[in-house]
There are 2 protein chains.
Amino acid sequence: MLTNRLTQLAGAMAEHQLDVVVVVPGANLRYLLNVSFHPSKRLTLALFRRDGGRPSIVIPTLELQGVHEHLGDVADAYQWTDSEGPSSALLEALEQVLPAQRARVAVEHTVMRVMELRALEDAGRQLGVQLEIVDATPLLARMRMVKDVHELAAMAEAARIVEAALGKTIAQIKPGITERQLSLICTQEIMAAGAEGESFGNLIASGPNSANPHHNVSDRAFQPGDLIVLDCGAIYRGYASDITRTVALGEPTPGARAMYDAVLKANTAARDFVRPGVTGEQIDQVARGIITAAGYGDYFLHRTGHGLGLEINPCHEPPDLVARSTEPLAVGTTFTIEPGVYIQGVGGVRIEDDVVITEAGCRSFTTFQRELLVVPS
Amino acid sequence: MLTNRLTQLAGAMAEHQLDVVVVVPGANLRYLLNVSFHPSKRLTLALFRRDGGRPSIVIPTLELQGVHEHLGDVADAYQWTDSEGPSSALLEALEQVLPAQRARVAVEHTVMRVMELRALEDAGRQLGVQLEIVDATPLLARMRMVKDVHELAAMAEAARIVEAALGKTIAQIKPGITERQLSLICTQEIMAAGAEGESFGNLIASGPNSANPHHNVSDRAFQPGDLIVLDCGAIYRGYASDITRTVALGEPTPGARAMYDAVLKANTAARDFVRPGVTGEQIDQVARGIITAAGYGDYFLHRTGHGLGLEINPCHEPPDLVARSTEPLAVGTTFTIEPGVYIQGVGGVRIEDDVVITEAGCRSFTTFQRELLVVPS
């Protein structure tokens with residue numbers, strides 16, 4: 001599987017006339033080499049060659065031990081200690097992969113930090129090679145957007161886990177419980193259900209707080225009449241799920257029901273619309289059109305969804321379900337569908353599912369009840 | 001308090017001849033403006049002016065709501081929506097703060113991503129201003145290294161919380177429990193003890209795994225004779241604690257005891273050595289000298305410690321306790337002291353405390369038993 005991915009990368013590098021692709025710890029490195037690292041200030045870089053030859057990895061000695069057994073099978077290590085610093089190891093590794101005089105090098109704009117970029121630039125200068133540095137993100141994103149059967153199975157399990165936890169979490173909602181208390185319960189239930197971790201710090205937003213799509217969990221206690229947005233996810237074999245449901249604590253107002261109905265219709269219509277060849281923009285238009293027609297267009301503050309897979313916070317995967325996302329999507333592409341309406345001072349509603357494009361249209365990994373759940377108050 | 005920090009920043013900018021300091025979401029932004037953001041692919045930048053005037057912040061509309069109430073007090077917002085993209089907002093904000101023709105701009109090399117750097121460079125080109133971009137990390141790190149009384153109180157509480165959790169976690173160690181099970185227990189105990197979160201994913205390394213200082217938690221079950229390294233931390237009011245203790249499950253071998261004694265002596269001597277004016281290099285030399293004299297010099301794989309405060313993974317704070325860290329440290333500087341010995345195939349020991357330099361010498365926030373704890377097997 002990894003060999004296939006490296007072959008595919010070499011092909012893409014030839015197509016884009018790239019000499020080297022430089023990948024830092026994160027989802028792309030995990031995808032390409034099946035190695036994970038603790039994120040760190042210590043320089044760690046993998047260098048992928050255009051000829052498809054063995055990649056090189058510049059790595060702190062401290063980290064090498066953790067990945068050593070596996071890493072030796074897939075890459076050559078250039079290690080450095082805290083007392084040496086990384087410069088020599090980087091020079092030695094780069095010298096092996098850079099062509100003379102000038103090189104086209106792709107780096108991950110949305111992941112690589114300025115410190116790694118400057119280290120590469122300095123090394124290029126020292127080696128007398130002029131580097132043209134371009135963005136590797138589109139190339140790597142395209143590779144990762146369509147999932148294989150193993151990836152889809154992991155995502156289905158990640159969805160199953162989070163839904164089991166979500167049910168148990170919602171069952172513990174009652175007046176007087178705080179957002180922070182429920183957030184902790186949610187974390188515990190996700191871990192108890194078999195997750196490797198949470199996809200992101202879960203979000204519990206109640207009452208007026210639900211009007212903020214990125215609310216930070218607070219000590220607000222639930223009150224009868226609240227809408228409560230629960231947004232959470234589980235990691236399984238590195239792959240993430242991401243689900244949102246909005247419940248009412250006691251009978252909601254007619255206004256809240258109307259908001260909910262608009263969001264549910266948008267969620268349903270968007271899922272029904274998905275089929276091979278649709279674009280992110282089209283799916284967004286379908287969901288946004290329904291919400292706008294219901295009179296809430298100005299309150300749908302974000303895109304309709306984002307890609308999903310190995311990548312979790314802080315960086316979503318492509319595709320984006322948003323205006324100008326005009327690439328036709330293929331079978332096997334996975335993303336969220338999560339329309340929402342947020343009215344300051346009133347409250348908010350979001351309903352989020354994780355789906356994959358199939359030959360027949362759309363399969364949703366998440367199947368948790370979408371009709372409004374009214375918790376007794 | 002924040003006003004003081006902005007005044008101090010303006011002074012440092014004048015000293016370093018900087019026109020603008022650009023800060024992305026993270027510890028520095030929290031320190032300077034007391035605002036936190038979800039990390040995101042959406043461009044979010046704060047621009048600090050040399051004249052000490054109100055900072056500007058380029059921010060997705062989606063995020064603005066969460067910080068709006070507070071942000072309006074401290075900064076001017078330049079917002080952008082997903083459909084607009086960030087370019088216009090960034091241009092408008094930069095135009096207000098950049099001098100004509102050329103500007104010296106400092107960015108955080110260890111935090112800012114290439115995407116933000118490129119956005120700045122593009123905006124500079126469009127405005128016809130030549131940007132000289134330098135590293136802001138040393139300047140900001142120096143400001144943050146010495147803590148005020150509020151910060152020290154938060155760190156003491158973060159230490160108290162993690163020590164309460166550590167005691168309850170160790171009490172649940174017995175043969176047959178796995179690293180992953182104990183890791184989950186540790187997380188739950190940290191949250192139950194009152195943490196806002198964990199400082200980092202806690203590390204539980206047992207038996208041969210303890211020889212890897214950055215072990216990824218596994219499904220290995222504890223066995224009599226194991227050394228078990230527990231490394232964990234709690235966040236309180238944004239400030240982190242970070243503690244490591246190593247316990248034995250059943251009576252350890254004489255070799256394991258000898259390793260432990262060397263590490264404990266190094267930890268104690270390093271703490272005893274700390275006083276105003278010492279350097280990170282000197283503290284490292286004290287700890288390393290003792291471990292080397294005991295014959296384990298080649299097995300002390302990392303620096304003796306790192307700064308601690310708002311910053312958690314992936315980026316430690318200064319100071320580094322390592323060779324070439326030659327700046328004299330002032331009263332109020334906080335860091336870890338964490339010598340360790342790691343022998344492949346045998347096991348490892350680390351003993352980590354969180355300390356602050358005081359007029360009198362050194363105060364350790366962490367006070368959990370340092371003598372070897374032998375858990376009944």
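How many nonpolar, polar and charged residues does the lining of the largest cavity have? I looked this up in a predicted model, where local features need pLDDT of at least 70, side-chain atom pairs count only at pLDDT 80 or more, and totals for chains, interfaces and linings use all residues. Residues are numbered from 1 along each chain as its sequence is written, chains are lettered from A in the order in which they are written, and side-chain values use heavy atoms, with hydrogens and water left out.

**Entry: cavity**

I searched for cavities, sets of points on a 1 Å grid over the protein atoms alone where a 1.4 Å probe fits but cannot get out, and I found six of 30 Å³ or more, a volume being the space filled by probe spheres set on points joined across faces, edges and corners. The largest holds about 100 Å³, and N28(B), T137(B), A141(B), R144(B) and E311(B) are the closest to its centre among 13 lining residues, each of which has an atom within 4 Å of a point. By class I noted six nonpolar, three polar and four charged residues in this lining, where Ala, Val, Leu, Ile, Met, Phe, Trp, Tyr, Cys and Pro count as nonpolar, Asp, Glu, Lys and Arg as charged, and the others, Gly among them, as polar. Helix α6(B) gives the most to the lining, with five residues; helices here are DSSP runs (H or I) of at least four residues, numbered from the N terminus.

**Entry: interface**

I then listed contacts (heavy atoms within 4.5 Å), and 43 residues of chain A touch 43 residues of chain B. Between them the two chains bury about 4,200 Å², 55% of it on carbon and sulfur atoms, taken as accessible area (1.4 Å probe) lost on being put together, summed over both.

Terms used: 1 Å grid on protein atoms, 1.4 Å probe; cavity = no way out; pocket = protein on both sides within 12 Å on 5 of 7 lines; lining within 4 Å. Helix = DSSP H or I, 4+ residues; strand = E, 2+ residues; numbered from the N terminus.
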